[in-house]
Amino acid sequence: MEVDREDGRSQNQLRPLACSRNILHRAHGSASWSQGDTKVLAAVYGPKAGTKKNENPEKACIEVIWKPKTGQIGKPEKEYEMILKRTLESICILTVNPNTTTSIIVQVVNDDGALLPSAINAACMALVDAGIPMKHLAVAICCCVAKSGYVILDPTKLEEQKMKAFAYLVFPNSVHSVLPEGSLRVEGEPIENGIITSVTHGIMSGIHCCLLNEGELQVSNCLIFSGGTCNSSQLIHPKLGDLNSSFGPIISTDEDSPVC
Amino acid sequence: MEGRLANSWRLTVNDKNFIKTALLSEIRIDGRKPFEYRKISIKFGREDGSSEVQLGQTRVMGMVTAQLVQPYRDRPKEGILSIFTEFSPMADPSFEPGRPGELAVELGRIIDRGLRESRAVDTESLCILAGKFVWAIRIDLHILDNGGNLVDAANIAALAALLTFRRPECSLGGEDGQEVIVHPPEIREPLPLTVHHLPIAISFGFFSNESILVIDPTHNEEAVMGGRMTTTVNANGDICAIQKSGGEGVPQRVIMQCLQLATSKAASITKQIKDAVEVFNTERALRKIKRHPTSTGVDVREKQN
């Protein structure tokens with residue numbers, strides 16, 4: 001079913017992605033991620049000694065500070081901090097540096113829909129830039145369900161407000177992290193990605209399978225993009241060959257080009 | 001949390017001595033002369049009233065928003081201007097999140113005095129209905145990277161954001177003309193603020209040996225210097241504010257020298273801000289004409305390399 005979107009995109013089309021690493025000088029790692037007009041800046045201060053009171057000292061601890069564009073910090077910001085913290089805790093290798101705290105500061109520069117996924121992507125890139133040991137990358141996408149039942153990817157703010165439901169999904173870029181140990185690959189069948197985090201708003205009915213399929217398409221696109229930014233071919237998802245959707249122009253810049 | 005306090009950055013004794021010795025021969029560690037400013041780059045975001053300024057390694061983001069509120073009782077015909085500074089923990093490992101520290105408050109006050117007391121922004125034009133509705137302009141300054149001399153960079157960010165901000169047009173309506181109707185930007189073009197002049201803050205650092213003076217200190221120099229002074233001047237030669245809080249004593253002729261230097265620098269910085277705003281306004285006008293963004297589908301396999 002063809003849908004009319006305001007900026008002329010098709011259902012599966014993403015907005016232009018842009019990512020820069022190493023933009024701040026004092027921070028140990030920094031990245032900025034933008035999807036269309038939504039832009040988020042993330043900075044990482046590497047392992048500092050000591051953990052907070054309620055945290056487990058046998059593992060590294062991750063602290064997230066979310067800075068909105070304007071106004072006071074309220075409940076929505078605290079919720080985003082918690083989601084980011086749990087997502088990043090599952091992708092970092094926490095046993096390498098026990099009893100340390102890594103701080104991630106996320107600054108919203110502009111919000112035009114898909115804010116939390118952009119923040120997760122930016123935070124992941126900033127962690128890579130800082131050299132924090134990670135199991136794999138995390139890629140976040142947003143898909144939504146409109147009132148008439150069709151699914152669209154990467155909504156703008158206006159589209160998000162009109163939708164019946166939307167979901168933010170975070171996938172890892174390597175299936176092996178979510179497979180149970182020792183399981184056998186089924187011959188000839190592609191393995192699905194596991195989901196690290198999922199946040200939903202609104203009501204959906206039995207459409208979640210459809211959402212996941214759409215989501216995986218977008219994930220493949222984003223993965224190639226982040227993989228390219230990282231300059232490392234091992235991080236690219238093996239399902240690369242199945243792409244059949246198109247997306248906008250990619251701009252990727254590194255201030256100094258470090259090897260990842 | 002005591003363990004985490006051990007992470008603050010300190011300059012070593014060797015570094016400090018090197019900076020001071022180099023200054024004796026009028027050399028600064030980043031290669032500048034004592035009275036040379038760092039390169040300023042001013043960029044704007046998609047929205048009206050959002051600016052990002054980079055002064056060397058220092059990076060500040062400014063955001064202007066407006067809201068209709070009731071005016072203060074003693075000033076029923078004037079709008080309200082308020083400045084909020086956020087020393088984001090991403091700028092410096094020693095910045096803690098939460099309540100603003102004394103540096104943040106001092107920075108906010110310097111910029112506030114420069115803008116409000118010198119009447120740079122015309123607050124009377126912000127009044128819609130005397131005693132009932134006025135516009136409250138809120139400037140949020142986010143410090144993203146601390147490379148030294150935050151005051152100057154934040155001031156330029158605030159000015160750039162104010163010059164590109166547009167407030168919605170509103171008119172009086174209702175039965176007795178007491179209601180205010182705010183027109184959305186699609187129906188009526190929003191209006192810019194009236195800014196009479198641009199007060200530019202210029203900071204100086206004083207060093208103890210033989211009263212050496214530098215302009216625009218970096219954060220290494222800030223850790224070494226004995227005193228600092230910020231003068232806010234505009235391109236017309238008016239002095240809007242001077243802030244020298246503590247530090248070592250400085251003779252009068254040095255202060256006069258600083259003021260003269262500041263006035264000459266202010267002229268060039270004012271021109272730079274105005275040029276950047278001009279470019280943004282042209283781009284904004286072009287964007288109004290072009291409705292659909294051009295996004296061409298790109299085959300992924302070609303791009304990946």
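**Exercise 1.** Does A:Asn99 count as buried, partly exposed or exposed, and what is its relative accessibility?

*Solution.* The model is predicted, so that local features need pLDDT of at least 70, side-chain atom pairs count only at pLDDT 80 or more, and totals for chains, interfaces and linings use all residues. Residues are numbered from 1 along each chain as its sequence is written, chains are lettered from A and ligands numbered from 1 in the order in which they are written, and side-chain values use heavy atoms, with hydrogens and water left out. Buried means under 20% relative accessible area, exposed over 50%, and partly exposed in between (1.4 Å probe, protein chains only). Because its relative accessibility is 38%, A:Asn99 counts as partly exposed.

**Exercise 2.** Locate A:Asn99 and describe its phi.

*Solution.* A:Asn99 lies in the loop between helix 1 (75-91) and strand 5 (100-110) of chain A, where helices (H or I, at least four residues) and strands (E, at least two) are DSSP runs, numbered from the N terminus. Its phi is near 60°, a positive value in a residue other than glycine. Most residues other than glycine have a negative phi.

**Exercise 3.** Describe the sheet of chain A that has the order 7-6-8-9.

*Solution.* This open sheet is formed by 4 strands with antiparallel pairing, where two strands pair if DSSP finds at least two bridges between them. Strand 7 (151-153) and strand 9 (197-202) of chain A stand at the edges, each with a single partner strand, so one side of each lacks a neighbour in the sheet. Between strand 8 (residues 165-172) and strand 9 of chain A there are 6 bridges in the antiparallel sense, and A:Val170 stands opposite A:Thr197 in strand 9 of chain A.
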